[in-house]
Amino acid sequence: MIKVEWLYWLIGLVFVVMAVQMAMDRSNPKRWTSAAFWGLLGLTFPYGTGVANATAENGGWTLPAEPLGVAVLALIVLAGFNFLGKGVPVTTTGEQREAAAARLGSKIFIPALTIPLVAIVCASVLDESGLFESGKATLLGLGVGCIAALVVGMFVTGEKKVSVPIHSGRSMLEAMGSALLLPQLLAVLGSIFAAAGVGDQVGDIMNKVLPEDSKYFAVVAYCVGMFLFTVIMGNAFAAFPVMTAAIGWPVLIQQMHGNEPAVLAIGMLAGFAGTLCTPMAANFNIVPATLLELKDQYGPIKAQLPTGIALLGCCTVIMALFAF
């Protein structure tokens, strides 16, 4: 049986290998601290398995959680005080890239399409085969899809050295920086808010403010709340447990008998509208501007703002008309 922990260990190994590459890159003025950040992050993956075993008491080796907490604090210091840098990537010339693009054409999309295709096959066909850990076929399928896409990409491009995609991945990692971790951190923040009762407090406030049995006001509050919380937190998955615990579930579904899948799905889409409008969603809105070397790093947000506002309005109207 292939366990999901093996995928996590592989991800950690990739981070460690790239950290070694960074430490050897003399063109990076912050190579040692950059290597420390990504290497430390990579080591937390296998170490986290031991912490999870100790917490769940499900067998296997156990490790104390305190060193993992210290590692997280170290990562915060390294990223927060701008100790991450990037070297000069060793890459092809513009002429070589243009020639490769002309040669490959639409074939360049084959590796990208391989990932969801393999993931779907694993989740739908191999879920009950006993090959994957129970309940983890989708996640493991995503990992297998990435490995398959790497092999397919090397075959399509004719690349024979594994070190080439690893170096390219390291360059991308350096360009994205610590923003790569924002989705995971913000999703955890949403869980913390939910566990701390923030959703209940927001719900109490909404019950006092909203007119009694006013479906339309409740729909507006839920959709706009998802939008605004996503703008603040940068991730709709972080906003979802807060606003759903406050308004979505107790008011729209339990009190007003809304259709559960419709209310929750449309509410999440309203949150995604907020993702288009916030710099907190750095991996969507700030990192692309950096990679494309745009003069205005907020250019993507300015371009997406009208779409985000329009999408919020559509979500509100659709939920009010069709979710009850």
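Good morning. Buried residues make up 35% of the 324 residues in this chain. The structure before you is a predicted model, and I shall describe the chain as a whole before turning to particular parts.

The secondary structure consists of 15 helices and zero strands. As for contacts between residues at least 6 apart in sequence, 69% of them join residues at least 24 apart.

Which residues have the most contacts inside the largest nonpolar core? They are Y222, I247, L252, V263 and M319, in a core of 28 residues. When its neighbours within four places in sequence are set aside, I247 is in contact with M206, A218, A221, Y222 and L252. There is also a second, separate core, which has 14 residues, among them F15, M18, A19 and L78.

I turn next to a pair of helices. How do helix 5 and helix 6 pack against each other? Helix 5 covers residues 110–124 and helix 6 covers residues 137–157; they pack at an angle of about 150°, and their axes are 7 Å apart. Their crossing is right-handed. On the side of helix 5, the residues that take part include I110, P111, T114 and I115, as well as V118, A119, C122 and A123. They meet residues of helix 6 that include A137, T138, G141, L142, V144 and G145. By class, this contact has 14 nonpolar residues, five polar residues and no charged residues.

A123 lies in helix 5, and, leaving aside neighbours within four places in sequence, A123 is in contact with A137 and T138. A123 and G141 are 18 residues apart in sequence, while their C-alpha atoms are 6.4 Å apart in space. Is A123 buried or partly exposed? A123 is partly exposed, because its relative accessible area is 25%, and a residue counts as buried only under 20%.

P116 also lies in helix 5. With a relative accessible area of 40%, P116 is likewise partly exposed. P116 and M1 are 115 residues apart in sequence, and from C-alpha to C-alpha the separation is 22 Å in space.

Finally, I come to two residues in loops. N82 is found in the loop between helix 3 (66–80) and helix 4 (94–104). Although N82 is not a glycine, it has a positive phi of about 60°. H257, which is not a glycine either, has a positive phi of about 60°. Where is H257 placed? H257 sits in the loop between helix 11 and helix 12. H257 is exposed, since its relative accessible area is 62% and the class of exposed residues begins over 50%.

To review the main points, the chain has 15 helices and zero strands, and its largest nonpolar core has 28 residues. Helix 5 and helix 6 meet in a right-handed crossing, and no charged residues take part in their contact. Thank you for your attention.

Note on methods: Residues are numbered from 1 along each chain as its sequence is written. This is a predicted model: local features need pLDDT of at least 70, side-chain atom pairs count only at pLDDT 80 or more; totals for chains, interfaces and linings use all residues. Side-chain values use heavy atoms; hydrogens and water are left out. Axes are lines fitted to C-alpha atoms, for helices over the stretch in contact, and angles run from 0 to 180 degrees between N-to-C directions. Helices (H or I, at least four residues) and strands (E, at least two) are DSSP runs, numbered from the N terminus. A crossing is left-handed if the near helix is turned anticlockwise from the far one by less than a right angle, and right-handed if clockwise. Contact means heavy atoms within 4.5 Å. Ala, Val, Leu, Ile, Met, Phe, Trp, Tyr, Cys and Pro count as nonpolar, Asp, Glu, Lys and Arg as charged, and the others, Gly among them, as polar. Buried means under 20% relative accessible area, exposed over 50%, partly exposed in between (1.4 Å probe, protein chains only). A nonpolar core is a set of buried Ala, Val, Leu, Ile, Met, Phe, Trp, Tyr and Cys residues joined through side-chain atoms within 4.5 Å.
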